[in-house]
Amino acid sequence: MVRHQVPIQPEAFPEIPVRSRRILRYRREAFGWLAAYPDGRIALFRDEAGPLLAQGAPFAAVTPYLLDRIDVTTDFHFAAPVMAWLEITRRCNLRCPHCFVEGGVARNGELSTAEILALLDGWADMGVFSVIITGGEPSIHRDFVRIVNHAHALGFVVGVATNAMPLTRKLLDRLPRTDMVISVSIDGLHGQGAARGMSDFDFATRRIREIQEAGFNTSIMTTTHHGNVSEQHRIIAWARENGVALRSVPFVEMGRGANNVDLAARTEDVELAASFWIEEELWEREHDSVLGLSASRAFNFLLTMVYATRRCMSGRGLTYVTSNGDVFPCSTCAGNKVLCAGNLHMSSFAEIWNGAWDIRDITWDNFRTACQGCSLNADKYFCTSRCPGSSSILNRKLDGCGATEFQKRSTLRREELFRERVMANPAVYIRPEHEAAVTATETAS
């Protein structure tokens, strides 16, 4: 049995999504325990919860020990990433104009398969919950199947980010179905369907249906940009109709995107972009219960921790490892090549994670000057643009505003729609008699 995991008996937890393994993942933290249940709930517990977690107790049995307070130092971080992106190669069969890693050719000094497997072993020892296998195009790596199966055998919830072109049925039949989501890109920029005389949308949706028929949970990855903002509602409508998860990200001027700035969304795109986002949010809340624990649920948990602790979780609960072994806080920092903490050819991941990291010196307090006078600088807004990685792109420094004018206006409109149609703030699981957010109490470093 891999460390940090315990089986859950059917009678103790009968309602688990069909493609989820009956595994409780948990690990020791400075504040007590962090645990991830197969239905997708991730929660913080006091020390006393340890024996119950070790027995695989159902969530309800452990709720008396939920944290109602967490003390955070400036450099607060989890004992290991909650989720980790692993770029197994930068090689790709496409040359997309927005690719933040400039996929196409391999990086110099890419990790060997043995080094990738050793990294996964180390992550299992540390208690990482979710791993996303990415590239480039990860499925063209000669040991792609071996890497995915090794990650799955270690007990990770696995995601694969792909353009779906190389995913033959023969290859799919060699991959695990449980605790696995295959995410396919649709944003009108990849050109997957061109060689077949099809639109990207028609090609990608056909492949997603084929992947579903092969027994996998599926997801759509889409980048919102000026050229596709009017088409995004078609994508979300299709996702709903076909039971496919969806996660969007805004176009960012980094990597190859820095040479294609005309793709950036504009202020006239705000209404379309905001209305698409709210439909995405509503669909995510509805569909996530079917997926159980996934990379999406892990990422959303980290967003709640941003809200609760007033600091970015990149480098604190999230990491991105490039194919040449560079360890970055997140994909944005990797794309803009800032805040690298070390390289796996020289140090183990555990040594890098447990060492000093510049991003952990930065909290929302560092953005006070940049945020002064901004319409989003109010408690009623959850602004995620206090982001060192995004600031480095826009300002060439780490503590400036990480939002473009489009993003500011879009956030304002999204918040209006959120309060009209969702009416729920980000929250972590805590004891019911307390408010739905962890109280982050600052203590001296």
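Two strands pair if DSSP finds at least two bridges between them. Helices are DSSP runs of H or I with at least four residues, strands are runs of E with at least two, and both are numbered from the N terminus.

## Basis of the model

This is a predicted model, in which local features need pLDDT of at least 70 and side-chain atom pairs count only at pLDDT 80 or more, while totals for chains, interfaces and linings use all residues. Residues are numbered from 1 along each chain as its sequence is written, and side-chain values use heavy atoms, with hydrogens and water left out.

## The sheet

An open sheet is formed by 9 strands, with mixed pairing and the order S11-S10-S9-S8-S7-S6-S12-S13-S14. Strand S11 (245-250) and strand S14 (342-343) are the edge strands, each pairing on one side only.

## Strand S6 and its neighbours

Strand S6 is largely enclosed by the rest of the structure, because 4 of its 5 residues are buried (buried is under 20% relative accessible area, exposed over 50%, partly exposed in between, with a 1.4 Å probe and protein chains only). S6 and S7 pair in the parallel sense over 5 bridges, and Ala84 stands opposite Val131 in S7. The chain passes from S6 through H3 to S7 in a right-handed β-α-β crossover; a crossover is right-handed if, with the strands pointing away from the viewer, the path from the first strand over the helix to the second runs clockwise.

S6 (residues 83-87) also pairs with strand S12 (residues 318-321), in the parallel sense over 4 bridges. Ala84 has Thr319 as its bridge partner in S12, and Leu86 stands opposite Val321 in S12.

## Helices on the sheet

Helix H3 (residues 113-126) lies across S6, strand S7 (130-134) and S12, and runs at about 180° to S6. Axes are lines fitted to C-alpha atoms, for helices over the stretch in contact, and angles run from 0 to 180 degrees between N-to-C directions. Helix H4 (residues 144-153) packs on the sheet and touches S7, strand S8 (157-162) and strand S9 (180-185), with its direction at about 155° to that of S8. Contact means heavy atoms within 4.5 Å.

## Strand S10

Strand S10 (residues 217-224) is mostly covered, with 7 of its 8 residues buried. S10 pairs with S9 in the parallel sense over 5 bridges, and Ser183 stands opposite Ser219 in S10.

S10 and S11 run parallel and are joined by 6 bridges; Thr224 has Pro250 as its bridge partner in S11. With helix H7 (residues 232-242), S10 and S11 make a right-handed β-α-β unit.

## Arg207

Arg207 is found in helix H6. Arg207 is buried, with a relative accessible area of 9%. Its side chain reaches the backbone oxygen of Ala164 at 2.4 Å, and a polar atom of that side chain lies 2.5 Å from the backbone oxygen of Leu167. A polar contact is a pair of N or O atoms within 3.5 Å; within protein, one must be able to donate a hydrogen and the other to accept it, and residues adjacent in sequence count only if both atoms are side-chain atoms. Leaving aside neighbours within four places in sequence, Arg207 is in contact with Ala164, Met165, Leu167 and Leu172.

## Helix H13

Helix H13 (residues 388-395) is mostly covered, 6 of its 8 residues being buried. These buried residues of H13 pack against helix H10 (331-336). Arg396 follows H13 and has a positive phi, near 60°.
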